[in-house]
Amino acid sequence: MDIFANLAHGFAVALTPINLLMCLIGALVGTLVGVLPGIGTIATVAMLLPITFGLPPVGALIMLAGIYYGAQYGGSTTSILVNIPGEATSVVTAIDGHQMAKQGRAGPALAIAAIGSFFAGCVATVLIALLGAPLTKLALAFGPAEYFSLMVLGLIFAVVLAKGSVLKAIAMIVFGLLLSMVGSDIETGASRMAFNIPELADGLGFATVAMGVFGFAEIIRNLDHGAEMNRDLVQQKITGLMPTKKDLLDSTPPILRGTVLGSILGILPGGGAVIASFAAYTLEKKLAKNPSRFGRGAIEGVAAPESANNAAAQTSFIPLLTLGIPPNAVMALMVGAMTIHGIVPGPQVMQKQPDLVWGMIASMWIGNLMLIIINLPLVGIWVRLLRVPYRLMFPSIVIFCAIGIYSVNNAPVDVILAGVFGLVGYWLIKHDFEPAPLLLGMVLGPLMEENLRRALLISRGDWSVFLTRPLSAVLLAIAASLLLLTVLPVLRSKRDQVFTESEN
Amino acid sequence: MTFIRALTSACAAALASLCAFVAPAEAQTYPTRSITMIVPFAAGGPTDVVARIVTGHMAQTLGQSIIIENVVGAGGTTATTRAARAANDGYALITGHMGTHAASVPLYPKLAYHPEKDFEPIALLAGTPILILARKDFPPKDLKEFVAYVKANAEKVNAAHAGVGSVSHVSCELLHSILDIKPVGVPFNGTGPAMNALVAGQVDYMCDQIVNAVPQINAGTIKAYAIATPERNPSLPNVPTTAEAGLPKFQAQAWNAMFAPKGTSPAILASLNAAASKALDDETVKKRLLELGSVIPGPAERTPEALATLVKNEIAKWTPVLKPAT
Amino acid sequence: MADTMGHTATATRNTQVALGFCLLAIAPQIFEFIWSIGTIFGWGAGRGPATVVISHATALLAGAPSTLMGAATGDTKKASSEVLLALIYSYPIFVVAIVTLFMTIRSAQDYVGGVILMALALFALWASSDLQGMRGFSFGAGTAPRMFGGLLVALSAGIALTGLLTDGPTMAHYSWRGPLFVMAAILFFALAIRPLGLVVTAFASFMIAATGSHETRWLEAAIVGACLTIGCAILFPYVLGLPMPMYPRFMIQ
């Protein structure tokens, strides 16, 4: 019954006016940051860090946490409306969400994303409170070998989420992997494919490539002759703002499944949260009676990944709260905020700082509530934005993207690179290559290579570790069967095609 | 409340910048506008925290805000290159550390700057002791046993580090060169993941800065063999120094210091040095830095001359250790 | 009759495609040449145009063949980066271009897409050719890039092959106006943000981008652009606290 006492204590801390205000500011800033293309959570939290100097530590962390999960809500908005994923986790949402928007169903897509996120956030918060400490073991059970196998599984997800040719999807993943190799090598520090450009020394930024192949490429494509017709159609087609009963019924199971998947994957500090949304999407596509709807505006394709990424955003706090080890860059900043206040988080942070830990957990629930209250009414405004004539919309998007990319590193070269990737994206569209697998390859590439090399260094070059470690073996088995499931029907249909052709 | 304050300050800033726009700066004494402090690492890291604590106080002394700009990349050398090329008017400074202003010289053969030739030293800010850490079930019980064990099993042990050029990498290379062994170094992407692997027992040992390690050591999730400073640290009174534990040659500190681009006027350097020194004498600053496990330099160590000597000595110290590694 | 007409049509198409591939085969060399022109005016560092032309031409025409011969006779001399570029990147693409002449392309979309992707993969192979490979059990810096580069060459060859074997869509139409002006706007933004500041840059880039659409109405665009600029000037530096220059540098000093 400790839990209830702890939670009650947490709510007592979180419900003080100042902390409520901090939570609200965090949620608002987070939404804003999520909506603006290119502006990342890392940059914003870094910028706001000095402000937290003057705040009490609990309030400061509640605000920073609010920005972190608030950005997950906001990120889906830009993905759905203008097909620009601001973070790796919203790439999947863009696939079906933007298709829904094109069919005039931006309202339901946005609303279901908010509802799914809210539900997932609530469940994940309870999970942190109840099982945070025991779940920590999972984070520690994942060594380099396990992460490598998880990443392999993640890449298979990318194949599954492609709607066209499997061969092209795999080629795109490998292209993404190659792009991710640019920059300095983790083990030797050698500069790889960077052509002595200092801005490339640390590799291509995710935002740079995503803005290019999604954002700029989409704009250029929309400016093509003959594209005006389609755009006008979209504006006429806008129907209801809120999801229908059928939408809600269709989305309930995906939201539940997405929440479970996201909660589990979010605990893994080395990139688990990134693949949560991909995993959820893949699961839905595999379970669906008619998988061909995916990629063409299926509401499940929005509900599941959005729930998964928000659940993962919450449970990724577990390693921080129980071990004191930040699992990602944003959390590292929060640790920075704590150290500035003289609290260095460690395994005993729960016992030593109950105010902080339980206050933060309680505030996450409150924050999620605030976010859904903020986001549902905003749906109307966002949808109205789609009625702005495209001739005014596209230069604005260009400017917002350019400022966003520039602000990540204050580097003009990044903006030029995003432009180059815009042309690459335009070329991809013209040849029917899909950008989503490319981005996934790019995100997972470094994680996969690093963990592979770590695992091999530790095992002294013995490749069998991936199969002798049970967790890793299970993950690889899942990956192999998933690949078979995806490739077999394609082969069969190819064969049928050959047969029918020869008959003619 | 705070939001309103933020809003008013924003308006004030807007007004101020508008004024600056309308009436070009008149001849005033330095500084007349806000100063940018480049920190070559991510916000929240040890260097960043030190820089923020010290500049927070310096801004009061100088009467202008100091904006921290975190520029990450290539072990801090991206940011340091940028700082070296910045205008030498005193409005762009850098908080460097042992990696960017010493170890980088042998580590990066194509380094676009030289710590001695392209920078004016301002002041040493803090030293962060380095510890020898190991997973909690690593067999050796103390440093002597550790040395014997690692030497005997150099083929088997794994040393974790937070990436090439990081403090943990560079300092473990020093340890290895003293012990004359070459164990496998397992690279991680930052101290967080490396510490995670150490806590989980996936790697055997690492050398790391005191900041991240103290809570883990106190909780018993990892163990510390020794601290590589001449004196014990108040936040870890039970951890012996390397000299006490039998490895006096291993001395390493991750120091943080403030630099300006070459050619900055001596008057500006002097006022910055005075402000930094004043900050280090401030009780709150002192307390915060000590909480981090930092060692605050004495008045004699804070002078620009002392920093210049330190940089010179550190480059000389790291070059033989790191040269063969790359 | 109809058959021969169809044949001549594909033949001209194929010659064009093959010529395009030849151009693609020396694209990096051309790019370095264009880049090197800048050095005459003192922009950027690098070799002068004359050196670039001579070194690449000798590499393409003499250096690479002699290295090939050398490799055949077992003479392993270290090749220069230009020779490697010719060997790893240009020659294979030339071969593809020649092969193209004798092929019936059934899906230009897949075939051309596959070949360009192959060019990118070959270029990556060249770019990572100077990196260290495996050292015992430990991966070197170059192992993974070369592995994935090779894989991508194989995959893109597969895609190109699909374009030869199965029927599919032809080349899609590329337009020039949108890409040109959107790129110009991005380029202008990147070059101007530091010296000219956010206000001037954002507005000018907005107008340049707006030129990319023939639907643009100028007055309307100017008004919206001005409003957007003011909005950005408040939003980014103040509300989000992102440090960026606001006004042209010369006006501040």
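**Helix packing and chain contacts in a predicted model**

In chain A, the axes of helix α5 (residues 91–102) and helix α6 (residues 106–141) come within 7 Å and cross at roughly 145°; helices (H or I, at least four residues) and strands (E, at least two) are DSSP runs numbered from the N terminus, while axes are lines fitted to C-alpha atoms, for helices over the stretch in contact, with angles running from 0 to 180 degrees between N-to-C directions. On the α5(A) side the contact is made by A:Thr93, A:Gly97, A:Met100 and A:Ala101, and on the α6(A) side by A:Ala106, A:Pro108, A:Ala109 and A:Ala113 (contact: C-beta atoms, placed from the backbone, within 7 Å). These residues divide into 6 nonpolar, 2 polar and no charged, where Ala, Val, Leu, Ile, Met, Phe, Trp, Tyr, Cys and Pro count as nonpolar, Asp, Glu, Lys and Arg as charged, and the others, Gly among them, as polar.

The model is predicted: local features require pLDDT of at least 70 and side-chain atom pairs count only at pLDDT 80 or more, whereas totals for chains, interfaces and linings use all residues. Residues are numbered from 1 along each chain as its sequence is written, and chains are lettered from A and ligands numbered from 1 in the order in which they are written.

Chain A has 22 helices and 2 strands. Its radius of gyration is 22 Å, close to the 23 Å that the globule rule gives for 504 residues, so chain A is as compact as a globular protein of that length (the radius is taken over C-alpha atoms, and the rule is 2.2 Å times the number of residues to the power 0.38). Along the principal axes, the C-alpha atoms of chain A fill a box of roughly 75 × 60 × 50 Å. Buried residues make up 65% of the 504 residues, a residue being buried if 20 or more other C-beta atoms lie within 10 Å of its own, exposed if 12 or fewer, and partly exposed in between. Of the contacts in chain A with a separation of 6 or more, 80% involve residues 24 or more positions apart.

Within helix α13 (residues 300–315) of chain A lies A:Thr315, which is buried, with 30 other C-beta atoms within 10 Å. Residues up to four places away in sequence aside, A:Thr315 touches A:Ala124, A:Leu127, A:Ile128, A:Ser263, A:Gly266 and A:Ile267. A:Thr315 and A:Gly121 are 194 residues apart in sequence, with a C-alpha to C-alpha distance of 9.0 Å.

Between chains, 56 residues of chain A are in contact with 61 residues of chain C. Elements giving two or more residues to the chain A side include α3 (41–48), α8 (166–180) and α9, and the largest share, 11 residues, comes from α18(A). This side has 35 nonpolar, 9 polar and 12 charged residues.

Chain B has 12 helices and 9 strands, and 54% of its 326 residues are buried.

Conventions. Two residues are in contact if their C-beta atoms, placed from the backbone, lie within 7 Å.
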